There are 2 protein chains.
Amino acid sequence: MVAGGGAGARARGETGPALAVGRAGTAELRRHNRALVLRHIRAHGPCSRATVAAATGLAKAAVTGIVGELVEAGLLTETGTAPAAGRGRPGTLLRLADETAAALGVEVNVDYTAVVAVDLSGRPVFSEVLPPAGPAPARPYGVSPGGAAGRVRPGAVADLVRELAGRLRDEGRRLLGVALGVPGLVDTESGVVRDAPNLGWRDVPAARLVAGALGDGDVPVLVDNDANLAVLAEAAGGAARGARSAVYVTGTVGVGAGILMEGRIVRGVRGYAGEVGHMPIAGAEARCGCGRTGCWEAVVGLDSLMRRAAPDLPAPALPYRAKIEALVERARAGDGRVLAALDHHGRRLGRGAAVLVNLLNPEVLVLGGDFTDLAPWCLPPLRAELAAHVLAPALGGCAVRPSTLGPLAAAQGGAARQVDRAFAALHTAF
Amino acid sequence: MVAGGGAGARARGETGPALAVGRAGTAELRRHNRALVLRHIRAHGPCSRATVAAATGLAKAAVTGIVGELVEAGLLTETGTAPAAGRGRPGTLLRLADETAAALGVEVNVDYTAVVAVDLSGRPVFSEVLPPAGPAPARPYGVSPGGAAGRVRPGAVADLVRELAGRLRDEGRRLLGVALGVPGLVDTESGVVRDAPNLGWRDVPAARLVAGALGDGDVPVLVDNDANLAVLAEAAGGAARGARSAVYVTGTVGVGAGILMEGRIVRGVRGYAGEVGHMPIAGAEARCGCGRTGCWEAVVGLDSLMRRAAPDLPAPALPYRAKIEALVERARAGDGRVLAALDHHGRRLGRGAAVLVNLLNPEVLVLGGDFTDLAPWCLPPLRAELAAHVLAPALGGCAVRPSTLGPLAAAQGGAARQVDRAFAALHTAF
């Protein structure tokens, strides 16, 4: 379509690389080349400078310069020598400096707190599921005063982060960053939790509180919706491994979703995307804790399931795990009431899942939170409902899978994101 | 956080621009610089080579080379001279060659066919709403044989495109590309319409049919869901102008949506995203034309509205515009039954809209198709329903607006997309 002969040749003659770089071009190239080198060593290390040069097409002198920067920044380290390739000298091997840095992810939940620290390669340094952080006396839904107190105390979360940072420092690791995942609406720009009703948080400046507790303004702190962080982790190395489009649906007290489309989190204009819990898809008889009627959460939240499956249990008084374990135990024992309730639950889940699959055509739908443990019983009716209500043939290629990262997903995703950010920041830091 | 001193300085010394470019870097730079030049002239033309050089930071010789390529490819043209700036010579002005090329967009619909041709600047060459293309005898929903016939004949669409291409050729314009928008599931890679039930199309190789009719394998043909193309147009210059996140909901016989998030169409893994019509959010009593129950389309499609608002009219026998005009006329006249039905319709629309807004947090929700004409009566109840069912404060910043491009939106978006593609292809063509 386009004639490339004369004009193209003329342009090639006139605009050699040095000319075409221009002023802005130089810095951009530097970042680009640094990213090339890092990406190669992250993916293929340990490897020598010569290997990096061959794989990236960069000049050896350029690679040597970039590697020097990265070693000095504490992100690369030398590790023995490689056998000489062909006639060359033996090369020093390079790899990520996994012993000297770590990123921390924390999921704050009304039922538990999950913490994960990872090294530069994304391998866990530690990961734990702890009791909820400093629970304050329970209050009715949504009436907690702005930012002060609620079911989970923000100050207790900040204290926990400081304690974990100290643990990493004692191990000789630099803290690359902290990521907080919370079940609610988050202003990711400012790190303020706008509304996390089940935590009792309204307009809580979570990033500022954590940074204050750390007493180190240089450690970046990000706050995000828990399901957003979880879908990143599941797509990186969990139930949606390798998927570019995935939806993670998590259910505990509330129901939320993280949406990944073509490798990016769908956030919407103010970061509020993924509020599936309050999609008005149930009947008017479904009264939600938020005061509305018809919310999906009102019929697929754990409270609703407990009432139907095990009305004899004192659900409000039981800890989260105890409820799930009781249901799983009874289901395994063949309790007819529980099995019928889980079948009903699976169909109601499938109704909302069909909305998501019709609307977003994901490659994988991941069931997280308590849906993970209940998947053996809920998945068959859920799949049947999907088959009945999804327009695209063969569910549009969508696989439905329980989470493989379980309660650690959001914390893991947050920590990994801070590693990525540290690398990305490095690309622009010189 | 990162020490940039010694190592950074060393790297800067060792990796000058020429070195750092490497082999892969040259071609990439060339594309990048070509894009810079084109983007500037598209946005700010007419302008001189010197202005382009100053604005982009490129060397004047480089700009001259690139401009030469673009003039030769028929995309730029010279247009008079600019007054000398400072001590420089007067410069020849450059602008897009708007007289010599055009792209064509066609929306195929069961009720009408919309056609739009635009020049390189995106200005319309012509735009028309025509009767449906070669309607075949109506068949029951979904039983049309694979690709052969249905309510709209694919061959008639191909014939129409050939005719329009001839018209552009007669005006001395090169056809940059054709975009077809259809209400249904499209495999955008292959240009095959998988399922457009209201057209009666199943597995119709629409791109191949159109290319065949044109008899010119060099003209790119793309096929996409109509609402995907429409949301691009509305965000470029319609009701969602400037929005990076928008959802376009269109209703005629069926209901569909185009989803734009951070400037990109959300397609999902197989391009089936946006199937809002069959979200199971209505009650079991809502029987849909697709054979399912509970589909949103079953309660917000035009057929459902006509039954409730004007049961005296012979809806199935009336053309699309006649139905809408009858409703609008009666609503204006204060017909109580029609007004009550439109209020009810608005609330049902709002139910589904609340699902979309909770899930996607768009900046703008655009009502297209027949929703546009009915907006004066449907918008207030729709907004009330949104206020009642969206969790984010102030609807998460979402504005709800009727389409400003009307039935031309998808055709306009398709034509504009082919112009963008022609520019993008040029970036990589040398």
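Predicted model: local features only at pLDDT ≥ 70, side-chain atom pairs only at ≥ 80, totals over all residues.
## Chain A in outline

Chain A has 13 helices and 16 strands. Of its 430 residues, 56% count as buried.

## The nonpolar core

The largest nonpolar core holds 174 residues. Within this core, A:Trp296 and B:Trp296 touch the most other members.

The surroundings of B:Trp296 can be listed. Leaving out residues up to four places away in sequence, B:Trp296 touches B:Val249, B:Val255, B:Val276, B:Gly277, B:Met279, B:Ile281, B:Arg348, B:Leu349, B:Gly352 and B:Ala353.

Helix 12 of chain A covers residues 370–389. A straight helix of 20 residues would span 28 Å, yet helix 12 spans only 24 Å between its end C-alpha atoms. The helix bends by about 80° at A:Pro376.

Helix 9 of chain A runs over residues 302–309. Its buried residues are A:Leu302, A:Ser304, A:Leu305, A:Met306 and A:Ala309. Helix 12 is part of what covers them. The cover also includes helix 8 (296–300), helix 10 (320–332) and helix 11 (336–360) of chain A.

Strand 7 of chain A (residues 174–182) is mostly covered. Eight of its nine residues are buried.

Strand 7 pairs with strand 4 (residues 101–108) of chain A through seven bridges, and the two run parallel. In that pairing, A:Leu104 has A:Val178 as its bridge partner. Strand 7 also pairs with strand 11 (residues 221–225) of chain A, in the parallel sense and over five bridges. There A:Val182 stands opposite A:Asn225.

## The antiparallel sheet of chain A

Three strands of chain A form an open sheet in the order 1-3-2, with antiparallel pairing. Strand 1 (47–48) and strand 2 (76–81) are the edge strands, and each pairs on one side only. Four bridges link strand 2 to strand 3 (residues 92–96) of chain A. Across this pairing, A:Thr81 stands opposite A:Thr92.

## A:Val364 in strand 15

A:Val364 lies in strand 15 (residues 364–369) of chain A. The residue counts as buried because its relative accessibility is 3%. A:Gly397 is 33 residues from A:Val364 along the chain, but their C-alpha atoms are separated by 8.3 Å.

Not counting residues up to four places away in sequence, A:Val364 touches A:Ala239, A:Ala240, A:Ala243, A:Ser245, A:Ala246 and A:Val247, among others. The list of contacts also includes A:Cys398, A:Ala399 and A:Arg401.

## The mixed sheet of chain B

Five strands of chain B form an open sheet in the order 14-13-12-15-16, and the pairing is mixed. Strand 14 (264–265) and strand 16 (399–402) stand at the edges with a single partner strand each, so one side of each is left without a neighbour in the sheet. Strand 15 (residues 364–369) runs parallel to strand 16 and is joined to it by four bridges. B:Leu365 stands opposite B:Val400 in strand 16.

Helix 11 (residues 336–360) of chain B lies across strand 12 (246–251), strand 13 (255–261) and strand 15. This helix runs at about 160° to strand 12.

Most residues other than glycine have a negative phi, and most peptide bonds are trans. The following sites depart from this.

The peptide bond from A:Gly45 to A:Pro46 is cis, with omega near 0°. A:Pro46 lies in the loop between helix 2 (17–44) and strand 1 of chain A. In chain B, a cis peptide bond joins B:Gly45 and B:Pro46, with omega about -5°. B:Pro46 is in the loop between helix 2 (17–44) and strand 1 (47–48) of chain B.

B:Glu262 is not a glycine, but has a positive phi of about 50°. B:Glu262 sits in the loop between strand 13 and strand 14 of chain B, and at 31% relative accessibility it counts as partly exposed. B:Ala394 also has a positive phi, of about 55°. B:Ala394 is in the loop between helix 12 (370–389) and strand 16 of chain B. With a relative accessible area of 65%, B:Ala394 is exposed.

How values were computed:
Residues numbered from 1 in each chain as written. Chains lettered and ligands numbered in written order. Heavy atoms only, no water. Core = buried A, V, L, I, M, F, W, Y, C linked by side-chain atoms within 4.5 Å. Buried < 20%, exposed > 50% of the residue type's maximum accessible area, 1.4 Å probe, protein only. Contact = heavy atoms within 4.5 Å. Expected span 1.5 Å × (residues − 1). Bend = angle between axes of the 7 residues up to and from the residue. Pairing = 2+ DSSP bridges. Axes fitted to C-alpha atoms, helices over the stretch in contact; angles between N-to-C directions.
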